[in-house]
Amino acid sequence: MTTIKLHNTRTRKKEEFVPIDPKNVRMYVCGPTVYDRAHLGNARPVVVFDVLYRLLREVYGAEHVTYVRNFTDVDDKINARAAETGRPIGEITAETTQWFLDDMGQLGALEPDHMPRATQYIGQMIAMIEVLIEKGHAYEADGHVLFAVDSWKEEYGKLSGRSVDDMTAGARVEVAPYKKNPMDFVLWKPSTDDLPGWDSPWGRGRPGWHIECSAMSYELLGASFDIHGGGNDLMFPHHENEIAQSCCAHPEGRFANYWLHNEMLQVEGRKMSKSLGNFFTVHDLLEKGVPGEVIRFVFLQTHYRKPMDWTEKKAREAEGVLRKWRALTAGIEPAASAAPAVVDALADDLNTAGAIAELHRLAADGDAAGLLASAQLLGLLTEEIGAWAEGPKLDLSSHEARLAAARAEAMESKDFAEVDRLKAAYLAAGLEVRMSKAGVELVPGPEFDAAKLEGVG
Ligand SMILES: [Zn+2]
């Protein structure tokens with residue numbers, strides 16, 4: 001059997017992966033809070049852990065892997081969105097959940113075996129909080145229930161490499177007066193009448209964010225399971241708090257044995273942020289005509305523990321490669337199994353870049369059947385996400401040449417009327433016009449209508 005090695009955040013080492021039960025390999029990944037469209041960065045852990053899921057299924061058998069990813073459908077961001085829009089919370093979360101599944105489906109992500117929603121597990125969360133209070137790891141104060149980090153001081157912070165004393169000393173945020181230690185975190189909080197709430201031993205209220213993953217993973221995977229994943233922005237405090245809750249409520253278990261964290265995503269070399277104007281959703285890209293398979297391919301070219309830089313250039317190149325590979329494998333049956341070199345690359349801490357290098361080699365060798373089986377192990381060249389590559393490629397080169405020539409003439413004559421006329425016509429046809437020193441590029445937008453190009457130029 002293939003030996004999988006994974007970098008374990010907890011030990012900071014690449015370790016041989018030994019499942020607790022090879023007949024039931026269990027993985028939990030933190031899912032989205034459903035109040036808005038997933039941005040491109042949200043999609044990275046989905047694709048990364050989808051590849052790990054596929055690899056585990058390949059090595060242990062599809063029926064021997066259980067993958068859980070939750071939906072956070074109770075959260076103050078959701079409450080705020082409902083207040084802003086005047087829409088019912090249930091409507092917002094149901095709509096956003098479906099958006100997420102649709103968008104991630106377009107990226108070729110398999111649906112996990114279980115997708116629990118937090119609001120379905122309130123009873124289990126309350127039960128876990130009661131156990132934590134009983135064992136002296138949590139306390140009630142001012143209608144809240146808080147986890148007492150001092151009750152687990154030696155262990156708290158180990159995943160992210162912090163100590164309770166250092167964190168307490170460094171706590172500068174305004175601390176709620178009812179907290180015994182500034183690092184204590186909320187397990188339960190009171191709800192006013194206008195907010196979602198459930199009856200509990202501590203009055204009507206709602207859970208803090210962290211407790212849901214502890215309660216749902218225990219319910220669906222048990223007190224000990226194999227892999228816990230998520231973005232590295234979740235390592236502290238969210239994962240640290242999950243460990244504290246789970247290990248204190250269920251000391252008979254170990255919670256997760258292997259912790260995997262993916263690095264963040266950038267856009268054109270910069271952090272994605274609303275203030276920099278480079279913030280976009282997966283849906284925005286799909287609407288712009290960037291196929292989900294192209295997004296997936298670009299993601300997988302970078303190792304999950306390195307920052308991933310999304311660039312338009314990479315997307316264009318990926319589209320070219322995928323078109324070529326799809327043409328090469330059209331009408332071909334996949335080989336019985338993926339190429340060993342591709343499996344080995346993935347088994348080496350998900351070396352997706354190495355696996356893609358092997359795909360290039362298979363393509364260069366003309367091994368279409370091997371390429372197809374191997375690419376499908378990475379969730380590429382599958383039928384489900386292939387519709388975009390059918391039909392002839394739109395060729396705008398004659399229009400680009402026409403505009404470039406008009407621009408060159410205008411630079412001489414200083415008369416830009418013809419350039420302006422062409423630009424207006426292309427914009428009216430739904431094309432984005434990009435003119436730089438390097439040349440002219442016409443990019444179809446969501447409103448593109450090829451019929452409107454007739455007679456232009
Ligand atoms: Zn979580």
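Predicted model: local features only at pLDDT ≥ 70, side-chain atom pairs only at ≥ 80, totals over all residues.
1. Start with a residue pair: Leu 265 stands opposite Met 308 in S13. Strand S11 covers residues 265-267 and pairs with S13 in the parallel sense. Three bridges hold that pairing in the assignment.

2. Now the sheet around that pair. Three strands make it up, in the order S12-S11-S13. The sheet is open, and its pairing is mixed. Strand S12 (270-271) and strand S13 (308-310) are the edge strands. Each of these two pairs on one side only. As background, strands of a sheet pair through backbone hydrogen bonds, either parallel or antiparallel.

3. Next, the annotated site. Which residues does UniProt list for "binding site"? The unreviewed entry gives Cys 30, Cys 213, His 238 and Glu 242. They are spread over 213 residues of sequence, yet they cluster in space. The largest C-alpha distance among them is 10.7 Å.

4. Take Cys 213 from that list. Cys 213 lies in helix H6, which spans residues 210-221. Is Cys 213 buried or exposed? Cys 213 counts as buried, because it has 28 C-beta neighbours inside 10 Å. Leaving out residues up to four places away in sequence, Cys 213 touches Cys 30, Asn 70 and Glu 242. Cys 30 and Glu 242 are also in the UniProt "binding site" list.

5. Compare His 238. This residue sits in helix H7 (residues 235-249). His 238 has 17 C-beta neighbours inside 10 Å, so it counts as partly exposed. With residues up to four places away in sequence not counted, His 238 touches Cys 30 and His 210.

6. A second annotation deserves a look. For "short sequence motif: 'HIGH' region", the unreviewed UniProt entry lists residues 32-42. The end C-alpha atoms of this span lie 8 Å apart. The span is 27% helix and 0% strand.

7. Last, a hairpin. Strand S14 (residues 431-436) and strand S15 (residues 439-444) run antiparallel. Six bridges join them. How many residues lie between S14 and S15 in the hairpin? There are two. Leu 431 stands opposite Pro 444 in S15. In general, side chains in a regular strand alternate between the two faces of the sheet.

Technical notes
Residues numbered from 1 in each chain as written. UniProt positions renumbered as here; feature names shortened; annotations may be inferred. Helix = DSSP H or I, 4+ residues; strand = E, 2+ residues; numbered from the N terminus. Buried ≥ 20, exposed ≤ 12 C-beta atoms within 10 Å, placed from the backbone. Contact = placed C-beta atoms within 7 Å. Pairing = 2+ DSSP bridges.
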